[in-house]
Amino acid sequence: MKICTLSSGSKGNCTYVESGGAAVLIDQGLSLRELERRALEVGLDLKKVRLIAVTHEHTDHIKGVQAFCDKYGVQAFISPLSAANAYEKYAVTSCVPTSVSGFDTGISVGEMYLTPFRVHHDAAYTVGYQIEDGKKTLCLATDLGYVTAGAGKRMSKADAVLLESNHDVYMLEHGKYPRYLKQRIAGNNGHLSNDSAADVGVKLVQAGVKRLILGHLSQDNNTPQAAYNTVCAAMTAAHIRQGKDVVVEVAHQFQPSMLTEII
Ligand SMILES: [Zn+2]
Ligand SMILES: [Zn+2]
């Protein structure tokens, strides 16, 4: 299984995951033109994409879903509650027909099986995804106020995890955002801080996760260095060797990653 983070953060999210000859996009919050530009830069073949799995209906995750579905002839996999909101707000219609129970059981795409798991966030219904291909397991969880026991359990069984590391607590507290927005971000239905990502990250590595990709970093209340340093400091304090026991990476907003194998 291979992963490429094409964009990560509040200005647009899109991750490409490939196994065998098939690929999925997790969210599509970029314009079609920008997605295609980045895919070309990395050397991805977007014709391999069979499905867009949507985490929730916020605009940074769904803005480009319809345009991609129309051009590439694929459908979106989305919870019924998010689909209803997406249809109302963003005219996204290319959804795989689901029922509430049907959505939770997941969907197969080529050799991959995608299972959504619920996370706490302030959309109608927000999920992370577990992707298995019989060899490796990847979990993606961004846009979550905190990590529930259920989400933590799923992520702890993965080989690689893309986990939110949204804000530095000090930068958020002393930044320019209005009080209500600071409370929303820091709340249980908001976004995961670097400190929380570090705590969770240590537990995940102790459970066997070998690769941790930090994502959905705030442009205003975080820096890639702050997120990376906070998580690596917690790893060191727990006697986890960066580069040996785990590889920690940061997914960027404006720069796609390379397409890399999950090992
Ligand atoms: Zn988001
Ligand atoms: Zn969101």
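These legends walk through several close-up views of one predicted model.

Residues are numbered from 1 along each chain as its sequence is written, while chains are lettered from A and ligands numbered from 1 in the order in which they are written. In this predicted model, local features need pLDDT of at least 70 and side-chain atom pairs count only at pLDDT 80 or more, whereas totals for chains, interfaces and linings use all residues.

View 1. Helices (H or I, at least four residues) and strands (E, at least two) are DSSP runs, numbered from the N terminus. The C-alpha trace spans about 50 × 45 × 40 Å along its principal axes. Of the 263 residues, 51% count as buried; a buried residue has 20 or more other C-beta atoms within 10 Å of its own, with C-beta atoms placed from the backbone.

**View 2. The largest nonpolar core, with 71 residues.** Such a core is a set of buried Ala, Val, Leu, Ile, Met, Phe, Trp, Tyr and Cys residues joined through C-beta atoms within 7 Å. Val24, Ile52, Val161, Leu212 and Leu214 have the most contacts inside it. Helix H9 (residues 194–207) gives the most to this core, with six residues. Leaving aside residues up to four places away in sequence, Val24 touches Val17, Val49, Arg50, Leu51, Ala53, Val109, Met112 and Leu114. Contact here puts the two C-beta atoms, placed from the backbone, within 7 Å.

**View 3. Strand S11 (residues 211–215), largely enclosed by the rest of the structure because five of its five residues are buried.** In a regular strand, side chains alternate between the two faces of the sheet. Both faces of S11 are covered, with Arg211, Ile213 and Gly215 buried on one side and Leu212 and Leu214 buried on the other.

**View 4. The neighbours of S11, strands S10 (residues 160–164) and S12 (residues 247–250).** Strands pair if DSSP finds at least two bridges between them. S10 and S11 pair in the parallel sense over five bridges, and Ala160 has Arg211 as its bridge partner in S11. Four bridges join S11 to S12, and these two strands also run parallel; here Leu212 is partnered by Val248.

**View 5. Helix H4 (residues 80–90) and its buried residues, Ser82, Ala83, Asn85 and Ala86.** These residues cover an arc of only 165° around the axis, which puts them on the same side of H4; the arc is that of the directions from the helix axis to the C-beta atoms. Helix H2 (59–62) is included in what covers them. Just after H4, Ala91 takes a positive phi of about 55°.

Notes
A residue is buried if 20 or more other C-beta atoms lie within 10 Å of its own, exposed if 12 or fewer, and partly exposed in between; C-beta atoms are placed from the backbone.
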